[in-house]
Amino acid sequence: MSVDADTVRRVAKLARIAVTEAEVKDLAGELNDILTWVEQLGEVDVEGVEPMTSVTPMRLKRRQDVVTGGGDASRPLANAPETQEGFFVVPKIVE
Amino acid sequence: MSAAPAVLDYEEPTAKTIAGVTGDWEMVIGMEVHAQVLSKSKLFSSASTQFGSAPNANVSLVDAAMPGMLPVINEFCIEQAVRTGLGIKAGINLRSVFDRKNYFYPDLPQGYQISQFKHPIVGEGEVLVDIGPGVARKVRIERIHLEQDAGKSIHDMDPEKSFVDLNRTGVALMEIVSRPDIRGPDEAAEFLRKLRTILRYLGTCDGNMQEGSMRADVNVSVCRPGDYERYRENDDFSHLGTRCEIKNMNSMRFIQQAIEFEARRQIAILEDGGEIDQETRLFDAKKVETRTMRSKEEAHDYRYFPDPDLLPLEIDQAWVDDIAAGLPELPDAKKARLVSEFGVTEYDAAVLISEPEHAAFFEAVAEGRDGKLAANWVINELFGRLNKEEKPIADSPIDATQLGGVVDLIGQGDISGKIAKDLFEILWSEGGDPAEIVEKRGMRQVTDLGAIEKAVDEVIAANPGQVEKAKAKPQLAGWFVGQVMKVTGGKANPQAVQQMVRDKLGVE
């Protein structure tokens, strides 16, 4: 797999990370190095081996359907830069 | 009595066609229905799902995606997804996986929606869509997966700002994905209606479209007659046209209008030699048209990957079997049973099963009585009146025992159908025991032939002119029947009066 400059720009845009044109070339190289390194895993024959999702045998933890959280709008709103009448207020976003 | 079949016999309807300049066209429609799980708390957090709460009142720190918060799945929501899957005869996947669907939007604090992409909890099933008596469309269901709902953005409170309410963020949704087996706008509405009925029977979703508990994305394409059948031969989509997706519809009427408009729009482009761009469109209810929301080039790149915060969801077959054993009688089976057990018409049965409460009310009225008569009184009189006064059946002033009493009185010949309507009025506005009311207010039908004969003789004696006319023109006998009913206060048995009038006048 080879990451070109356009892919770097696209990935950065999707991740909402500001990347300057000067950084694009270096980042492409670094990403390619990482991917090449990871691609070595492809040399291992995993035919018939189930993907491992946990180091120890664990079952997905479940909870009962009981309301114990929320109930206080001031908590999630506490760090918001701007609020009004209990809402988060953000710059206009009409798609 | 023979055992009720699991489903009544039916034939598939023909696809709706639209006549174009260059020949006929057909529609091919698939739907993705988002149904909110009827749970108290959210899919991965313990905040309430209560509709209509104050803004952000139902937001836990998990929903707000505060750093370090981890999702823990609500077992009840898993059970509801399994119930729903079993209710549409679908395969249940004992192992499913939650993935992150990545996109940025202010009402999605995590920056991703937890959903199921490659390994949904429910596999292939089907919904039998009732079109009319003896006519139904089997729509294949591709899958159902569990996912989180997003929050709500309000854009009209400030010219420069948007307001965000995260109460809905993280609420459990079942996304029910159909195959493109729906062949017209009416079928699309009926599909949604049937799915809603099934969900309400199962109790897994309240189906409230106004509150957004049920919403649909509708995929529409057009093709030439015969193309769809070729597609069905081996699921080869190349026989079908390019589809457009109309997002977020929550009204049956708008869905029908949007499909109709969209199909005609596509046909016009194709007949002009153009091509359909695969895109996402929005329906404008005021202008009754669809318009581009985003094109394929702008389509989101969601970069799904398994959520590292959540292990695969593994459930036991024994648990699934327990859930299956606890399923209620579902609409198709109930309809078949009402027809075979109570002798009602398929049309009436379809009306009666539309809501589980309606069917239960009917069964209570019909038990041990004439099913057809009971259906007539439940549907035409009671449902008609409830509809007119916009009352749900739970608020009906007449209960099943009272209406059963009315049916008994008619059945025993104690009151005529006409008097029964008066009795219904009294029960509706004053309540009481039907038999007692009939007794106390002297509403009992006169079946005493002697009394009827006396009334008939009096009317005939008082109207010699009419008698002459009626002898020449037998249809006029009806006038005498009306007069006799009048003098007896409507209590005479109409059949007996009719017979006697005809006998006395000597007409057939």
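How many bridges pair strand β5 of chain B with β16(B), and in which sense, parallel or antiparallel? Strand β5 (residues 99–102) of chain B and β16(B) pair over 2 bridges, in the antiparallel sense. Two strands count as paired if DSSP finds at least two bridges between them. Helices (H or I, at least four residues) and strands (E, at least two) are themselves DSSP runs, numbered from the N terminus.

Before we go on, here is how to read the model. It is predicted, so local features need pLDDT of at least 70 and side-chain atom pairs count only at pLDDT 80 or more, while totals for chains, interfaces and linings use all residues. Residues are numbered from 1 along each chain as its sequence is written, chains are lettered from A and ligands numbered from 1 in the order in which they are written, and side-chain values use heavy atoms, leaving out hydrogens and water.

Back to our strands. They belong to an open sheet of 3 strands in chain B, with the order β6-β5-β16 and antiparallel pairing. β6 (112–115) and β16 (305–306) of chain B stand at the edges with a single partner strand each, so one side of each has no neighbour in the sheet. Within this sheet, B:Arg100 stands opposite B:Phe305 in β16(B).

Another salt bridge joins B:Lys194 to B:Asp332, with the closest N and O atoms 2.5 Å apart. B:Lys194 sits in helix α2 (residues 185–202) of chain B and B:Asp332 in helix α6 (residues 331–342) of chain B, 138 residues apart. Both B:Lys194 and B:Asp332 are buried.

Now let us look at where the two chains meet. In chain B, 54 residues are in contact (heavy atoms within 4.5 Å) with 39 residues of chain A. The area buried between chain B and chain A is about 3,900 Å², and carbon and sulfur atoms give 58% of that; buried area is the accessible area (1.4 Å probe) that two parts lose on being put together, summed over both. There are 3 salt bridges between chain B and chain A. B:Asp301 and A:Arg10 form a salt bridge, their closest N and O atoms being 2.7 Å apart.

Strands also cross from chain to chain. An open sheet of 4 strands has the order β2(A)-β3(A)-β10(B)-β9(B), with antiparallel pairing. Its edge strands are β2 (83–84) of chain A and β9 of chain B, each pairing on one side only. Strand β3 (residues 87–91) of chain A pairs with β10(B) over 4 bridges, in the antiparallel sense, and A:Val90 stands opposite B:Ser162 in β10(B). Elsewhere, strand β1 (residues 62–63) of chain A runs parallel to β3(B), joined by 2 bridges; there, A:Arg62 stands opposite B:Ile73.

Key: Salt bridge = Lys/Arg side-chain N within 4 Å of Asp/Glu carboxyl O. Buried < 20%, exposed > 50% of the residue type's maximum accessible area, 1.4 Å probe, protein only.
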